[in-house]
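Subject: Structure handover

Hi,

Here is the structure I promised to pass on. Please open it next to this email and follow along.

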Amino acid sequence: MNDDLEQLAARAAAGDQSVLPTILAAIRPQVQRRVAKFLPYHEDAEEAAQDTLLQVANKIHTFKGTGSFAGWVTVVATNQARQTYRSLKRRSVEQSAEVMPESADPRTTSVIAGSRLDLLEALESLESSHPQLVQPLVLRDLGSLTYAEIADELDVPLGTVKARIHQARKAVAERLTVT
């Protein structure tokens with residue numbers, strides 16, 4: 001994102017709602033790419049992208065400008081994609097077993113989609129045992145933020161960010177390893 005967008009975000013955070021349509025139009029492609037990294041199906045990713053844009057519009061006043069606006073949007077999009085996944089997972093459990101196939105047919109299941117779902121499951125498991133490790137890992141490995149940007153965004157020391165990412169990668173790798 002460029003400096004003009006950073007300035008618009010600062011204006012919106014200060015209460016200038018007239019710049020929101022411009023901001024939302026500018027960040028939409030980035031948001032869609034971000035949530036698509038988590039959600040394998042286009043419709044699910046589109047739902048998460050719409051929810052992210054709504055969150056940005058409703059929560060822009062919470063953007064403090066300490067980190068970059070791009071980093072803030074990455075956090076919002078990442079959290080929304082994970083929330084959409086949780087919601088979809090809950091809905092699928094609530095549906096009748098008669099409607100759902102007993103197991104996925106490997107001939108019709110994308111390897112990419114399956115690996116994304118495995119990663120989301122690993123992140124869910126990690127969050128239940130070590131919630132402080134998830135956000136740094138997601139921001140680094142899926143959000144492509146630098147360690148310094150993550151430290152700014154989470155307001156923790158750089159060494160803490162590096163240690164948490166290392167621990168998270170180890171835990172997720174153990175969960176994803178096929179035995």
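A helix here is a DSSP run of H or I with at least four residues, a strand is a run of E with at least two, and both are numbered from the N terminus. Read from that end, the elements of the protein chain go α-α-α-α-α-α-α-α. That comes to eight helices and zero strands. Please note that this is a predicted model. The protein chain has 179 residues, and 36% of them count as buried.

Start with α6. This helix covers residues 131-142, 12 residues in total. At 1.5 Å a residue it should span 16 Å, and its end C-alpha atoms are 17 Å apart, which agrees. Which residues of α6 are buried? They are Leu133, Val134, Gln135, Pro136, Leu137, Val138, Leu139 and Leu142. Just after α6 comes Ser144, with a positive phi of about 60°. Most residues other than glycine have a negative phi.

Asp155 also has a positive phi, near 55°. Find Asp155 in the loop between α7 (147-154) and α8 (158-176). Is Asp155 buried or exposed? The cut-off for exposed is over 50% relative accessible area. Asp155 has 70%, so it is exposed.

Where does the second largest pocket lie? Domain 1 (1-101) and domain 2 (106-178) both give residues to the lining, so the pocket lies between them.

Gly15 sits in the loop between α1 (3-13) and α2 (20-36). Its relative accessibility is 47%, so Gly15 counts as partly exposed. Gly15 and His61 are 46 residues apart in sequence, yet 6.9 Å apart in space, C-alpha to C-alpha.

Last, the database record. An unreviewed UniProt entry lists residues 135-171 as "domain: RNA polymerase sigma factor 70 region 4 type". In the model, the chain over residues 135-171 is 81% helix and 0% strand. The end C-alpha atoms of that stretch are 14 Å apart.

Best wishes

Terms used: Residues numbered from 1 in each chain as written. Predicted model: local features only at pLDDT ≥ 70, side-chain atom pairs only at ≥ 80, totals over all residues. Heavy atoms only, no water. Expected span 1.5 Å × (residues − 1). Buried < 20%, exposed > 50% of the residue type's maximum accessible area, 1.4 Å probe, protein only. Domains from an automatic or database assignment. UniProt positions renumbered as here; feature names shortened; annotations may be inferred.
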